[in-house]
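Me: I would like to learn how to read a structure like this one. Please take me through it feature by feature.

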Amino acid sequence: MIEDVSSRGLIGVAAIAAGLLGMAVVRSNRASTAADGMGVHVHMMGADAGEGATARPTTTVKPLSCEKLPNVPGRHSITTALVEFPPNAYTPRHRHPGSVTAFVIKGALRSQMEGGPAVTYTRGQTWFEAPGAIHSFAENASATEPAELLAIFVAEDDCGPLTIPLPN
């Protein structure tokens with residue numbers, strides 16, 4: 001978790017994220033098929049979403065690219081995804097099959113890893129989730145403005161599921 005980001009570190013992270021996002025956009029502009037799995041949108045409903053007018057919006061995960069890592073033993077892959085948080089969106093308790101780095105592109109997001117404090121991240125800030133770490137929740141800090149993050153997953157699942165929901 002990075003709370004204070006030096007300008008030099010932020011520029012490096014921004015350059016890496018921009019490069020990955022640029023490569024991902026190029027790939028996503030190619031024709032996607034159901035076989036490559038890149039056309040799939042994953043929606044995660046908040047555990048306290050409720051019903052009707054009190055329901056919180058869903059978070060949408062849009063995989064942009066997934067590449068096998070041939071130089072890493074096993075079935076490792078790197079997946080880049082755009083995660084969209086409409087105003088007031090909420091993602092309940094979950095974990096990921098590998099390591100995740102998140103980079104906030106737009107807005108402000110509140111996130112809490114199990115055992116740690118809730119932290120609000122704004123545009124340009126990042127956080128890291130170790131393999132198997134429990135993500136208690138993530139939510140848009142704004143009830144009126146959307147937020148987005150770029151998530152980079154490195155996993156052993158050969159481009160499989162990105163999120164594993166957990167009971168509260």
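Me: Which backbone oxygen does the side chain of His94 reach?

Reply: Look for a polar contact: a pair of N or O atoms within 3.5 Å; within protein, one must be able to donate a hydrogen and the other to accept it, and residues adjacent in sequence count only if both atoms are side-chain atoms. Here the His94 side chain reaches the backbone oxygen of Pro92, at 2.7 Å. A caution: this is a predicted model, where local features need pLDDT of at least 70, side-chain atom pairs count only at pLDDT 80 or more, and totals for chains, interfaces and linings use all residues. Residues are numbered from 1 along each chain as its sequence is written, and side-chain values use heavy atoms, with hydrogens and water left out.

Me: Is His94 buried or exposed?

Reply: Buried means under 20% relative accessible area, exposed over 50%, and partly exposed in between (1.4 Å probe, protein chains only). His94 has 4% relative accessibility, so it counts as buried. Buried residues make up 38% of the 168 residues in the protein.

Me: Where does His94 lie, and what is it in contact with beyond its sequence neighbours?

Reply: Strands (E, at least two residues) and helices (H or I, at least four) are DSSP runs, numbered from the N terminus. His94 lies in strand 5. Contact means heavy atoms within 4.5 Å. Leaving aside neighbours within four places in sequence, the contacts of His94 include His135, Ile164 and Leu166.

Me: Which side chain makes a polar contact with the side chain of His135?

Reply: That of Glu129, at 3.0 Å. The His135 side chain also reaches the backbone oxygen of Phe137 at 3.0 Å. His135 lies in strand 10, residues 135-140. It is buried, with a relative accessible area of 2%. Beyond four places in sequence, it is in contact with residues including His94, His96 and Trp127.

Me: Where does Pro97 lie?

Reply: In the loop between strand 5 (94-95) and strand 6 (99-106). Pro97 is partly exposed, because its relative accessible area is 31%. Outside four places in sequence, its contacts include Ala155, Asp157 and Ile164. Compare sequence with space: Pro97 and Ala130 are 33 residues apart in sequence and 9.5 Å apart, C-alpha to C-alpha.

Me: How many helices and strands does the protein have?

Reply: One helix and 12 strands. Along the sequence, the pattern is α-β-β-β-β-β-β-β-β-β-β-β-β. Among contacts between residues at least 6 apart in sequence, 69% join residues at least 24 apart.
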